[in-house]
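Reader: Please take one part of this model and look at it closely. I would like the ligand site, described plainly.

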Amino acid sequence: MTTRHIIDETAVEQALKQGKTADAAQIREILAKASEMKGLNLGDVAALTTISDPELLGQLFDTAKQVKETIYGRRLVVFAPLYISNLCKNECLYCAFRAKNTDITRRALTQDEIADEVKTLEEQGHKRVLLVAGESYPKQGFQYVLDSIATVYGTTVGNGEIRRVNVNVAPLTLDEFKQLKAAQIGTYQIFQETYNRNTYSKVHVGGQKADYDWRITAIDRAMEAGIDDVGIGVLFGLCDWRFETLALMQHINYLEDKFDVGPHTISVPRLEPATGSDMSTHPPKPVSDIDFRKLVAILRLAVPYTGIIMSTRETPKMRTETFALGVSQISAGSRTNPGGYAEGEDVIDEAQFSLGDHRPLDEVIGDVANLGYIPSFCTGCYRLGRTGQDFMDMAKPGLIKEHCDPNALSTFLEYLLDYGSDATRQAGEKLIQTVLGEMSESVRQRSETMLSKVREGRRDVFC
Ligand code: SAM
Ligand code: SF4
């Protein structure tokens, strides 16, 4: 099977070449168009990637900030990755889990160990996890993933429960995707890593992952299996970021044309040092900090209603800078070694890559609140069936704000009352009052009613 109709590399190269001819007036026109929040075409995106003039760069960042604030307000959805296994039969040269790497200790958590991880995350206050595994499962095969999801949903402690399990595992067959859907996952997430075929074959040198086409069609199979909430991404640092950004746009356009709905989220991991991987310490095409901020801002303008996820690969400083430019979801308090939460340490010789932000959840939440953002643990849309096309229909006219802000506040208050330190609680209560003061009368009333219920002891209050 060929999938050259999904990514047309020649069209990407041509658009990039054409983009270089854009002058300041054209860039300003594109930014004016972007501020209408209807998205951008390939040519527009190509032109924006060429910006280097500090004044235009400032205008790009300002426009992204304005779009982000209009659509997402002050909310930042918070989750934790849950690594269940580092077994893998692939040979991705940038990853510590690659099959031939003998520098790490291999481990697949048992269901009891997964339950221990979940309890630890719940005791910290997490409500959303992203389940992650290498591409090789213990003897139960794919059933191991399904069992693990059931364990996560079935493990509770005190007021703690995981209300949404998103999943990042290797491409599945249609039938396996149907089973994943039946296991009630939230988002199925998969990164193409690089959309450039040449680069792809150079960095994936063994196992099924070497098959570019099998990977890029994973989202099609997920959607055909009824999973309408999907996340895509690029591992930045493997190939030129401008190429990747345009190719990502092509992938999104393809999905929108075929399924009437694009991805729910985009992830923008940058290559981080990984044990036993020279490539991870010497990325072929490193993305500088300024280009990284640029690409986040461009994505925000290009696909304004698609969430952007920022992981703890990045430092607290970079994370904070990109919150303003368009990020809508963050991981916090993460460990990338299986068992890392319950065992309380980041065991580098079992971990996938090293982290840039090591702070515990409460510190991140306090910091986010002090910056004026509302940490949200909301899972309302997914549980009310507002996913895929329904979500987009609602999000596009801005209606989602009427639900998201009250839901963000009620889940944030749950966190503060059940898990927050004194300092975080103080910062959070102050923020809640500020946000209430900015709401329209009807939304504020709804929100206050929900907050009162949480203060009275009710949990999982959403609209
Ligand atoms: N094994 C599955 C796969 O490759 O699709 C799913 C999980 S994999 C552990 C999750 C993601 O981690 C990969 O898609 C890749 O983008 C990212 N990753 C791998 N090595 C990395 C590194 N050195 N730095 C940053 N991210 C990395
Ligand atoms: Fe395995 Fe995924 Fe790492 Fe590749 S990125 S070696 S498939 S865990």
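Author: The space taken by ligand 2 is the largest cavity. On a 1 Å grid over the protein atoms alone, a cavity is a set of points where a 1.4 Å probe fits but cannot get out, and a molecule sits in a cavity if more than half of its atoms lie within 2 Å of its grid points. Ligand 1 also sits in the largest cavity. The model is predicted, so local features need pLDDT of at least 70 and side-chain atom pairs count only at pLDDT 80 or more, while totals for chains, interfaces and linings use all residues. Residues are numbered from 1 along each chain as written, chains are lettered from A and ligands numbered from 1 in written order, and side-chain values use heavy atoms, without hydrogens and water.

Around ligand 2 are Cys88, Asn90, Cys92, Cys95, Phe97, Arg98, Gly134, Lys209 and Gln352, counting residues with a heavy atom within 4 Å. This shell has 4 nonpolar, 3 polar and 2 charged residues; Ala, Val, Leu, Ile, Met, Phe, Trp, Tyr, Cys and Pro count as nonpolar, Asp, Glu, Lys and Arg as charged, and the others, Gly among them, as polar.

Ligand 1 has 22 residues around it, of which Glu193, Lys209, Arg215, Glu272 and Gln352 come nearest. By class they are 11 nonpolar, 4 polar and 7 charged. An N or O atom in the Glu193 side chain is 2.6 Å from an oxygen atom of ligand 1, and a polar side-chain atom of Arg215 is 2.7 Å from an oxygen atom of ligand 1. From Tyr94, a backbone N or O atom lies 2.9 Å from a nitrogen atom of ligand 1. The protein covers 97% of the 560 Å² of accessible area that ligand 1 has on its own, by the Shrake-Rupley method with a 1.4 Å probe.

Technical notes
A polar contact is a pair of N or O atoms within 3.5 Å; within protein, one must be able to donate a hydrogen and the other to accept it, and residues adjacent in sequence count only if both atoms are side-chain atoms. On a 1 Å grid over the protein atoms alone, a cavity is a set of points where a 1.4 Å probe fits but cannot get out, and a pocket is an open set with protein on both sides within 12 Å along at least five of seven lines; lining residues have an atom within 4 Å of a point.
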